[in-house]
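Please keep the sequence and the 3D view open while reading.

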Amino acid sequence: MAAIKKKGLQTLMFSEPPFITSSASLVGPKEGEGPWAKDFDRILDNYLFSEKTWERAESKMLREAIKLALSKQKLEPQDAELLLAGDLLNQIISSSYAAREINIPFLGLYGACSTMAESLLIGAMLIDGGFYERVVAATSSHHYTAERQFRSPTEQGVQKVPSSQWTATAAGALVVQKAGAGPRISCATVGRVVDMGQTDAANMGGAMAPSAADTITTHLQDTGRSPDYYDLIVTGDLGAVGMGLAGELFVKAGLVPSPNYSDCGVLLYDGLQGVDSGGSGCGCSGCMLAGPLLRKIKNKEINRLLFVATGALMSPTSSFQGESIPGIAHAVAIENM
Amino acid sequence: MTLLMAFIIGGSICVIGQLAMDLTKPGITPGHILVGYITAGALLSALGLYQPLVDLGGAGAAIPLSGFGHSLAQGAITGVQEKGILGAFSGGVSAAAGGITAAIVFGYLAAVLFDPKD
Amino acid sequence: MINMDNNEKLKSAQQEEYHHLVNRVKPKPPVVKNCLWAFVVGGLICVIGQIILNYLLSIGLNKQDAGSLDAIIMVFLGALFTGLGVYDDLGQKAGAGSIVPITGFANAIVAPAMEFKREGYIFGVGAKIFSIAGPTLVFGFVASVLIGLIKLWTIN
């Protein structure tokens, strides 16, 4: 029996597009000094958030974002039937410990920095499939937890290269509902893992750009939409270097007319903040979507957004063992309908 | 005069590392640099090529980590001359003992006293 | 079988093409500026070491002991500035100029010790203190023993 809600190779069409009824974002000091400060719900003034460790701070940011998003709809945590969340830490402890505190049914996800899109599209599927009426999709990242796990201890003198990115300290949470008011998730494209043999962990944008181009191209083919159908196509965290590569790949793929395209990692910080190629991390795309992008959609500055979060699926172990860096990208179409 | 030579020799030894970091294929971390220098220093020392550098540059050759490798190699050679095979094992470490112990002790102290700053 | 070979070839051709694209688009590090910083900072750190060494010799220590104590003092300084949180800022600018001197070795030991204190003193500080500098000691010791053994063999 054919899957009636799947179109083309990888795209899911929702018969009753779910509503994004509210969202919340918490960011760290550096993000709060960027161009979108007034769109974030809360800007922390330090990285510990009154906790003893950065890991606990990150989990607290995620928990508070989830509670805040629900409270904007006058809801308590127990009113959200399901939490879909993930982060970058080993065994996704930020999400798991946030779920422990909030005490709602929880499905943990790992998509690296593509988690915001992954959680949204799974949430939309569960709602459109009649399993849930309300789902919270959330994600977080923290600069210092990511650095100590993936790269180097804070106080080590390491010289960053121009293609490096700055893992954002941010959490984003979205409440998705079967009924309500707000922008709607019309369709989503599940990405494939694309590995073009890149091994440079200091150039994640280069490793992930092919998967972004692959998913975007597939999405447009599956839906039959033209690149200019969308007022904006935004990737999660390719950074300036990755964005340039994605642009070249769009041309190679014959995307005509070329899309109005940007990247959350490039948007999140302003040029003087010393972040080399730009922001990265699950929270980068998470807070940009939960804050500025959704605000623009609600104001009708943007009516059709294709949100394409990108993830690099390697671990320090795989890198040491000589493996290259595979990338994945998931696309979620958010529209005023 | 020795200060100027220390500056020039020390600076030049560091530049080699910088070029390695900037011009070779990505993946060279500080860890690689540290290993490369200590090993190169030991090797050059064993071949008798590092001592002239120390004579010329003083701390300029002793302070870079290759200088540490030099102490390790010279310690092993002296150890072997004095104690035979036992010296091969104990000589290097004995010569470097001060520096390594200092690093461990001060590392532990710093961990007790300081927190990573964001 | 042949199809699989062709697929492999196509994939590696595509990867090679992409690799060229990445190298073309990727910004290059400012090599001249980096080397200047490395030269100046590395040189200055060595000058500080020389000043200390000169002083130690002047108060009567023999060359061997002066060298050892000089190393210990430089390690202390590297540890101190790491603890104070300034060595990493120096490292971003100076690159090899801060990694190569023995102060960089101290930084590579002290930084993880501080970082992993939050996981306790035994399994945090104790276990992780050598996470970056460990290979240095391993390769240094192995090299020294090999050199010793070769020397022994050539003496006999």
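**Lead**

In chain C, helix α6 supplies the most residues to the lining of the largest cavity, namely 3. The model is predicted: local features need pLDDT of at least 70, side-chain atom pairs count only at pLDDT 80 or more, and totals for chains, interfaces and linings use all residues, while side-chain values use heavy atoms, with hydrogens and water left out. Residues are numbered from 1 along each chain as its sequence is written, and chains are lettered from A and ligands numbered from 1 in the order in which they are written. Helices (H or I, at least four residues) and strands (E, at least two) are DSSP runs, numbered from the N terminus.

**Largest cavity**

- A search of the whole structure finds 1 cavity of 30 Å³ or more; on a 1 Å grid over the protein atoms alone, a cavity is a set of points where a 1.4 Å probe fits but cannot get out.
- The space in the largest cavity is about 50 Å³, where grid points are joined across faces, edges and corners and a volume is the space filled by probe spheres set on the points.
- Its lining is made up of A:Q156, A:G157, B:P30, B:L34, C:Y87, C:S98, C:I99, C:G104, C:N107 and C:A108, lining residues being those with an atom within 4 Å of a point.
- Two or more lining residues come from each of α2 (30–46) of chain B, and α5 (96–99) and α6 (102–115) of chain C.
- By class, the lining of the largest cavity holds 5 nonpolar, 5 polar and no charged residues; Ala, Val, Leu, Ile, Met, Phe, Trp, Tyr, Cys and Pro count as nonpolar, Asp, Glu, Lys and Arg as charged, and the others, Gly among them, as polar.

**Second largest pocket**

- The second largest pocket contains about 1000 Å³ of space; a pocket is an open set of points with protein on both sides within 12 Å along at least five of seven lines.
- It is lined by 38 residues, of which B:H70, B:S71, C:K63, C:Q64 and C:G67 are the closest to its centre.
- At least two lining residues each come from α3 (50–57), α4 (59–62), α5 (65–83) and α6 (85–113) of chain B, and from α2 (31–58) and α3 (63–83) of chain C.
- Helix α5 of chain B has the largest share of this lining, 10 residues.
- The lining of the second largest pocket divides into 12 nonpolar, 21 polar and 5 charged residues.

**Strand β7 of chain A**

- All 8 of the 8 residues of β7 (residues 134–141) of chain A are buried (under 20% relative accessible area, with exposed over 50% and partly exposed in between; 1.4 Å probe, protein chains only), so the strand is largely enclosed by the rest of the structure.
- In a regular strand, side chains alternate between the two faces of the sheet.
- In β7 of chain A, A:R134, A:V136, A:A138 and A:S140 point one way, whereas A:V135, A:A137, A:T139 and A:S141 point the other way.
- Strand β5 (residues 83–86) of chain A runs parallel to β7 of chain A and is joined to it by 4 bridges; two strands pair if DSSP finds at least two bridges between them.
- Strand β9 (residues 170–177) of chain A pairs with β7 of chain A in the antiparallel sense over 8 bridges.
- A:A137 has bridge partners in both neighbours: A:L84 and, in β9 of chain A, A:L174.

**Helix α5 of chain A and A:E147**

- Of the 8 residues of α5 (residues 143–150) of chain A, 7 are buried, namely A:H143, A:Y144, A:T145, A:A146, A:E147, A:R148 and A:Q149.
- These buried residues pack against α2 (54–71), β7, β8 (166–167) and α10 (316–320) of chain A, and against α6 of chain C.
- A:E147 has a relative accessible area of 7%.
- The side chains of A:E147 and A:R151 form a polar contact of 2.8 Å; such a contact is a pair of N or O atoms within 3.5 Å, and within protein one must be able to donate a hydrogen and the other to accept it, with residues adjacent in sequence counting only if both atoms are side-chain atoms.
- Not counting residues up to four places away in sequence, A:E147 touches A:S152 and A:K160, contact meaning heavy atoms within 4.5 Å.

**C:Q15**

- C:Q15, in helix α1 (residues 2–25) of chain C, is partly exposed at a relative accessible area of 21%.
- C:Q15 touches A:D195, A:M196 and A:G197, not counting residues up to four places away in sequence, and its side chain reaches the backbone oxygen of A:D195 at 3.2 Å.
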